[in-house]
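Trainee: Could you walk me through a few local features of this model? I would like to learn how to read them.

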Amino acid sequence: MTPGDQVRAPIRGLCDGADRLVTADEALARLHGGAGGSVAGTLALPALLALVRQARLSGLAQTREVTVLDGDQPIVFQARAVPQGEGVALALHDGRRGGAPDHDLPPADPAGLWHHLAQGHVLLDPGQRVIAVDCRASDLADVEAGLASALGHHWALALGLPEGARLAGLHWRLLDDMVVDLAGSPRRWRLRLLPRVGGGFDLLLLPEAILGLTRFGAHGGVHGDGQAGAEAAERPASVPEPEPEPTPDLPPWAGFLGRDLAPALRQPISRIIANAETIRSRLAGPLAEAYGAYAADIAEAGRHLLGLVDDLADLDAVEAPGFAPAPDHIDLADCARRAAGILSMRARERGIELILPEADCQVPAIGEFRRVLQVLLNLLSNAIRYTPEKTIVRLDCGLDGGAAWIAVEDSGQGLTGPEAARVFEKFERLGRKGDGGSGLGLYISRRLARAMAGDLTVTSTPGEGARFCLRLPADIPAAGIVNAR
Amino acid sequence: MTADPRGVEPFGLVPNGNAPRGADPCAVDANGAALSVPDAHGASGALLRPLALGQADGSLGDGVVAHVRGLLEDVARQLVEALAGAAHAGGTCMEGGAQAAFVALLASNGTFLGGLHALALEWRLTSRLEERQGIDSVLTPLLLAALAVEGEGSEDDTPLALARGLAGAQFRFCLDSRRMRLPLGELPPDLFRIALAALHLHASGLPAADRDDAHSRAIIAERSLRLRFDAERGRLALLRRFAGEGAGAAHQHPDQLDLTQAGAALFLTALARTTGLARAQALSLLAPARIGELVLVLRAAGLPAAQAGGCVQALHPDALVPGALLAITPQDAAQMLGQQAAHVAGEQA
C-alpha cells in the first residue's frame, strides 16, 4: 500500500452470547437497521451472523469476506470475528461496493441461440456468395452437396430456391427469416441471415419441425475436404434408424391455440385495432385522407384477425374430447332480441330490417346462454352480410313438441341442395372470399348445437333466401314459470 | 462444530491437476515402441507459471478449463466410437466407462493437455477479437481479398481453392469450438499420435482375460483412424500453406503479422513461423506480460510501427505501449531478440 492511500478505521461491533448486536459503530448499526434488525436485537445481516456464530461456537477467531446489502447495493467487507467472553467482537475492514449479483453474466444473445439451434451453417461472403457449408442434419445431405458444388454462387441459386435469380438481387434484410422447402428434406426450413463483423453473412438453416430431428448413420459427411472421415466416426452405424412416427389421433398442438395462444393474441390485436381506429378518426391530429383509409384497412384487418383467433379458439374448444356446455334455463326469444340488439347497427347500415319475435313471446329451452347467443350472432351476422341491402331478416321462435326452435330467415340468394349439404363443413366458404369470413362459424355453431343436445339445420330455396334453424331441448317443466327469470 | 473449511486457506497447496508428474503414462507405448512425449514437465510448468507469478490473465479461467474438458471428452468419445466400430467388425462389444478412462489417460499427458489448452485459448482469442475488436473469426480482410480473386475454381491448387479450403476449415473450427468439439482429423499430428497411443494404453490396462481381444481391437481402430487422418488437409496445414511455405515468408507478407488484417488464426501461424516457435508456444507471446517481446518480434519481422501498435491495441486494449518501443528499427529489434535468445540459450547451458 502506498503512503498516499488512506487507511480507514475498521467498523466495529459487539455481539453478546445470544448473537444480539449490543454495541455497534454507526455504519454497522445502520446496515443492521436497514436489514430489519432492532436495537440490541439479533444481528440481522445473515453473512455476518453466520460468521459470529461460528466464532462463538468454535471459540476461534475467524476472518472471511462477507457481502452485506446496503439497500440494493452489495458491499464487500473483510470481516473479522474474535470471541470475547460470552460474545464476539466484530471488525469490518476494507469496505467496497460490490457488483450486482448478476453483473458479470452475459446478456441474452438470440443470435447465439440460433447458432445452437441451426442444423446447417453456410458461410457467405459480403455478396452473399457461398464460401463454406456445414450441415449436421442427415436430411440436409443433398443441400450440403449442392452448396459445396456451388461455391462462389449466390446462396439462393445454390439452394435451388424457386425464383432464386430474383431473390439473388434482393437486399439481405428482405431475405432474412424466410421459410422454404429444401431438396431432399421432408421438413420446412427457416433461413436466418446474420451479418458477420467482417462483412459476410452466416446463413443458418433452422428446422421448422422437431420430429425425427437428427438421424445417425444416414450419411457420412459430404464435406469434400477431409472432414468426411471424422464425421463418419462421429456417427456410429449401430444406431438404428428411428421408426417412422405414427400419426397421432390428435395433433400435438391440440388445445395449444385455444388455451395458450388466443388469450395472448387478443390483447395485442385489440391494441392494433384501437390504435388504427384512433388514427382513422384523426383523434391524434389531422391526417391526409389516404392515410385515414389505410388506418381503416388496418382496423378492418385487425378485426378479421381477432375474429379468426376467436373462431380458432372456439374450434379448439368444441373439438376437445371433453367439451360440454353448461346447461341452463334460457329463453330463446330473449336470446333473439339480445342478438338483434347487438347487430342492429350493422343491419341499419345495410338498410336491413330485423323482424323479431313478439315482445311477450317466450320459448323456454335448456342450453348454455353464452353459446346460444354465439350461434345466433353467427347466424344473424351471416344473414346481414349475405342478404341484399334494403331487405328483411326474420327471427322466429317457437315450441315443437319436446323441442324449442329458433330460426333466422334471410331474403338472399339462398342455397342449392349441394350447397346446403356443404355449408356446415369446416372451412367451407361456398366460393366466397375476401369478405372476412373464416369458414368456421357454421361448423362451430352446429358443433355447439349438437353438444347442447340440439341441432342446427338449413332449409333453402334458391332465389328465395335461406332459413337456419337452431333446435334445443325445450324447458318443459319450467314452462309455467318462465317469467321468473 | 468444526471450523468451516471456507475459513481455512489452502496454504500453498498446488491444485492436483497442475502438479508436476513424475511418470507419464503415455510415455510408454503398449507395442514397446518408444512414444515421445517431449517436455511433460515443461507443459505443466507452463500452466503453473502464470498462477505462481500472479500473472493469471484468465488463460486458466473457468471458461477455458471447461473448454479443455469439453474437448477432452469429445476426443475420448471419438476414440470410444472408433473402438466400437472395430468391435463391431470383430464381433465383440465395448465395456462401459471407456470414455471416462480415455479422458483420464489423455488428461494425464501434459503435451496433449497443453495442445488442447492452446486450442481453447485460440478460440477464446478468436471469439474475443470478433466481439470486442470487430475482427471476423473467419472472413478476415486478407482472406476476403484472397477469395475475391477471380480464378478457376475447379483446380485444386489455385490460390482461390486454397483460400476456400481455409475459409471452410476455419469456419468449421469456429462451429466446432462453439460446440466444444474437436474432430480427430483436426488434431495436430503429434497430438493425434498421443490419442492413438491412448487406444493401446487403455487395452493394456484391462484385465488379462480381455487384453488380447482389446489389443486387436485397438489395432483395428488405430488403422482405420490413421487411414482417415490426413495432416495436410487440416486447418493448421491449410493455415501454413496460406501463410506461405519457406522460413522467409513472413518477411514477404508482413500483413500476416497484422492481427487486424490476418485474424487470430493466421496471425498465430505467421507468428510461429517468424519466431520458429511451435504454434502453441507462439500463443504465449500474446500474454500481457510479454507485450514488449511481441512488439520486438513484430518490428523485427518488418511490420510498420503503426500496425504493430494496432496489434497490441487489439490484444490488450488497456495497455499503453511506449512510442519509443514501437519506433525501434527492425534491425535493432532483431538484434535485441538475438541477444535475448543468446541469453536464454546461455542460461539453459
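Mentor: Gladly, and keep in mind that this is a predicted model. Let's begin with A:Asp177, which sits in the loop between α7 (172-175) and β8 (178-181) of chain A.

Trainee: What is the phi of A:Asp177?

Mentor: First the general idea: most residues other than glycine have a negative phi. A:Asp177 is not a glycine, yet its phi is positive, about 70°.

Trainee: Is A:Asp177 buried or exposed?

Mentor: A:Asp177 is exposed, with 11 other C-beta atoms within 10 Å. Now look at A:Asp19, in the loop between β1 (11-15) and β2 (21-24) of chain A. Its phi is positive too, near 60°. A:Asp19 is partly exposed, having 17 other C-beta atoms within 10 Å.

Trainee: Which residues are buried in helix α4 of chain A?

Mentor: In α4 (residues 141-148), they are A:Val143, A:Glu144 and A:Leu147. These residues lie on the same side of α4(A), because they cover an arc of only 100° around the axis. Their cover includes β6 (120-124), β7 (130-135) and α5 (155-158) of chain A.

Trainee: At what angle do helices α7 and α8 of chain B pack?

Mentor: Helix α7 (residues 189-204) and helix α8 (residues 208-228) of chain B meet at about 170°, with axes 8 Å apart. Angles over 145 degrees count as roughly antiparallel, so α7(B) is roughly antiparallel to α8(B). Residues making the contact include B:Leu196 and B:Leu199 of α7(B), and B:Ala214 and B:Ala218 of α8(B). By class, the contact has seven nonpolar, two polar and two charged residues.

Note on methods: Residues numbered from 1 in each chain as written. Chains lettered and ligands numbered in written order. Predicted model: local features only at pLDDT ≥ 70, side-chain atom pairs only at ≥ 80, totals over all residues. Axes fitted to C-alpha atoms, helices over the stretch in contact; angles between N-to-C directions. Helix = DSSP H or I, 4+ residues; strand = E, 2+ residues; numbered from the N terminus. Parallel < 35°, antiparallel > 145°, perpendicular 65-115°, else oblique. Contact = placed C-beta atoms within 7 Å. Nonpolar A, V, L, I, M, F, W, Y, C, P; charged D, E, K, R; others polar. Buried ≥ 20, exposed ≤ 12 C-beta atoms within 10 Å, placed from the backbone. Arc of directions from axis to C-beta.
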